[in-house]
Amino acid sequence: MSKRYHLSEVTKDLVAVAMGAKKAELVIKNATLVNVNTAELIHGTDVAVTKGRIALVGDASHTIGEFTKVIDATGLYLCPGFMDGHMHVESSMMPVRGYARAVIPHGTTAIFADPHEIGNVFGTKGVQFMMEDGRDIPLRFYVALPSCVPAVAAFEDSGAEITPSEIGELLNDDMVCGLGEMMNFPGVLRCDENIHEELRLTLEKNKTITGHYSIPENGKGLNAYIASGARCCHETVRKEDAIAKMRLGMYVQVREGSAWRDLTEVIRSVTETRLDTHYVTLVSDDTHPHTLITDGHLDHIVRRAISEGVNPITAIQMVTINVAQCFHMDRDLGSVSPGRFADFLLLEDLPRVAVKKVFINGELVSENGKLTVEIEKVEYPEWVKNSVHLKSPLTADDFKIAANSTLEILNAQVIEIIEARVGTYRRVFEIKNEDGFVNCDIARDILKVAVIERHHKTGSMGKGFVTGFGLKFGAVASTVAHDAHNINIVGTNDSDMAFAANELVKIGGGMIAVKDGVILAALPLPIAGIMSEESAEDIAAKVSKLDDSFKQLGCNLVSPFMTMALIPLGVLPELRLTNRGLIDTVNFKFTELFI
């Protein structure tokens with residue numbers, strides 16, 4: 001990877017090239033520039049590059065010398081590299097290097113990652129593991145430090161805790177762009193001391209606080225949350241909420257991932273109005289390898305926005321200049337302008353967002369969908385591969401749910417999942433008391449769900465019911481269970497649930513589907529129980545087998561494991577289950593299974 005220079009180090013070089021006193025290292029000739037500064041196309045544009053930065057945009061003939069590399073871009077569109085302003089690398093089931101290999105060919109040149117998944121397993125040691133993995137690669141890897149580890153300390157047990165003082169130390173690293181999604185918005189509104197200490201430390205460094213305001217409230221609560229410094233939010237799922245946030249100066253990060261697909265609804269906030277789009281960005285949040293391989297990354301999301309009626313130039317602004325401004329980085333990133341990093345793309349077709357060449361730091365890193373540079377494989381330490389621990393092997397009896405009543409019919413609170421959405425509904429179903437225990441009702445799609453602590457061998461387990469998966473047989477289990485990443489199991493019978501959990505421990509974590517005591521498919525994820533060292537293609541093949549196994553068991557959801565992974569996330573409405581029990585996430589309190 002070529003050296004990355006701070007602007008202060010190369011001002012003389014850039015001026016000399018722009019004036020013609022020195023020759024450029026690279027010149028792109030005769031492109032059609034997608035100018036995101038002014039939202040226009042400028043034909044016949046040259047770009048001169050030196051020291052990894054742009055020296056000139058316009059006529060670069062005088063900057064070409066004997067050793068200048070010249071690329072004729074006639075018929076091609078030149079635009080800034082795409083940047084993902086909110087995402088979790090861990091959701092790709094790959095560490096940073098594997099992720100970079102998968103997304104660079106799709107035009108992604110920078111990501112702003114919140115590594116709170118591995119943070120919940122290993123704390124700051126896990127965050128630093130991710131930072132080191134992303135330090136010497138072409139992809140620009142910026143970190144938004146996990147703000148809520150554990151996500152909801154009173155409601156669950158995670159593997160670690162990240163304190164304000166630890167955040168304060170890590171904020172000094174240039175790789176750190178700010179504070180990760182502040183999911184504990186109730187803590188912000190209650191003026192919790194620790195939460196506001198994190199906000200204070202971030203604001204003192206003039207870095208961005210990324211938000212997570214997931215409730216449909218646009219009055220005093222939203223105002224207070226934004227007043228605390230929260231600059232953006234990816235949890236907007238309604239048109240009216242997006243409009244409210246933009247009007248208050250908050251960046252709306254429109255999410256379109258593998259399972260959470262909010263773009264169709266949220267983008268209406270601009271396609272059906274005359275509102276300025278300055279405060280809109282497009283993000284992926286969570287993306288599986290299969291999506292990256294078959295659909296793409298930000299190129300796919302930009303295409304989706306265009307298909308919903310967004311002007312192509314506007315859509316590109318949403319993954320370039322808008323993102324850079326959100327993170328106070330537009331002096332270096334986000335546009336094809338003098339002084340900025342030479343991170344840009346050549347597109348064969350603008351509406352189709354067909355990426356032909358990708359340049360990062362003035363270096364060609366991908367062409368025609370293939371990397372042109374090597375991202376070296378490294379040997380990951382053993383400590384990061386040893387994270388799944390149970391107090392003792394599980395039995396079918398561990399999954400029995402006592403009725404705790406002599407009534408023949410009980411009213412049970414049931415989690416209803418919503419396909420392709422992050423929210424759940426709280427439902428109440430009548431369930432039979434069968435000799436003091438309550439069982440699944442497969443005919444009505446009422447299945448058992450369990451969350452088991454897997455970090456400290458406490459043996460704690462939360463049990464409940466879920467509807468929406470449609471399983472008719474067997475059980476499925478995963479250590480990818482946001483955010484604490486305990487063992488999460490959904491099943492039709494107690495024996496298969498116990499078998500799935502025990503087999504998951506044997507492979508060091510991951511995802512598994514079983515039926516009648518037989519493994520149908522498994523994806524080992526030994527790195528923190530959430531990532532694999534395998535390639536995107538190999539992981540995608542195993543995920544495909546898991547999807548097939550889900551269908552074999554009766555489930556036809558899109559990305560069912562990703563939907564399942566949010567069952568324990570106690571910051572999203574309306575009803576969740578953690579290893580400590582059932583949570584009413586509207587009122588943020590524990591609630592009883594039977595009412």
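Two residues are in contact when heavy atoms lie within 4.5 Å. Keep that cut-off in mind while reading this predicted model.

Start with Phe 469. Setting aside its neighbours within four places in sequence, Phe 469 is in contact with residues that include Ile 417, Asp 445, Leu 447 and Val 490. Further along the chain, its contacts include Gly 554, Cys 555, Leu 557, Pro 560, Thr 563, Met 564 and Ile 567. Phe 469 also belongs to the largest nonpolar core, which has 146 residues. Within this core, Phe 469, Val 490 and Ile 567 touch the most other members. Helix H17, residues 536–553, supplies the largest share of the core, with six residues.

Now look at strand E23, residues 461–467. Five of its seven residues are buried, so the strand is mostly covered. E23 pairs with two strands named here. Strand E19, residues 409–417, runs parallel to E23, and two bridges join them. In this pairing, Ile 415 stands opposite Val 466. Strand E22, residues 447–452, runs antiparallel to E23, with six bridges between them. There, Ala 450 faces Lys 463.

Four bridges join E28 to E29, residues 581–584. Thr 578 has Gly 581 as its bridge partner in E29.

Next come the aromatic rings. The whole structure holds 12 aromatic pairs. One of them is formed by Phe 185 and Tyr 213, with ring centres 5.2 Å apart and 55 degrees between the planes, a tilted arrangement. This pair links distant parts of the chain, 28 residues apart. Phe 185 sits in helix H6, whereas Tyr 213 is in the loop between strand E10 and H8. Are these two residues buried or exposed? Phe 185 has a relative accessible area of 3%, so it counts as buried. Tyr 213 is buried too, at 1%.

Phe 122, Phe 129, Tyr 380 and Trp 383 form one aromatic cluster. The charged end of Lys 125 sits over the ring of Trp 383, 4.2 Å from its centre. Elsewhere, Arg 53 lies over the face of Phe 341, at 4.0 Å from the ring centre.

Finish with Ala 227 in helix H8, residues 220–227. Its relative accessibility is 68%, so Ala 227 counts as exposed.

Technical notes:
Residues numbered from 1 in each chain as written. Predicted model: local features only at pLDDT ≥ 70, side-chain atom pairs only at ≥ 80, totals over all residues. Heavy atoms only, no water. Pairing = 2+ DSSP bridges. Core = buried A, V, L, I, M, F, W, Y, C linked by side-chain atoms within 4.5 Å. Buried < 20%, exposed > 50% of the residue type's maximum accessible area, 1.4 Å probe, protein only. Phe/Tyr/Trp six-rings, centres within 6.5 Å; stacked < 30°, edge-to-face > 60°. Lys NZ or Arg CZ within 6 Å of the ring centre and 35° of its normal.
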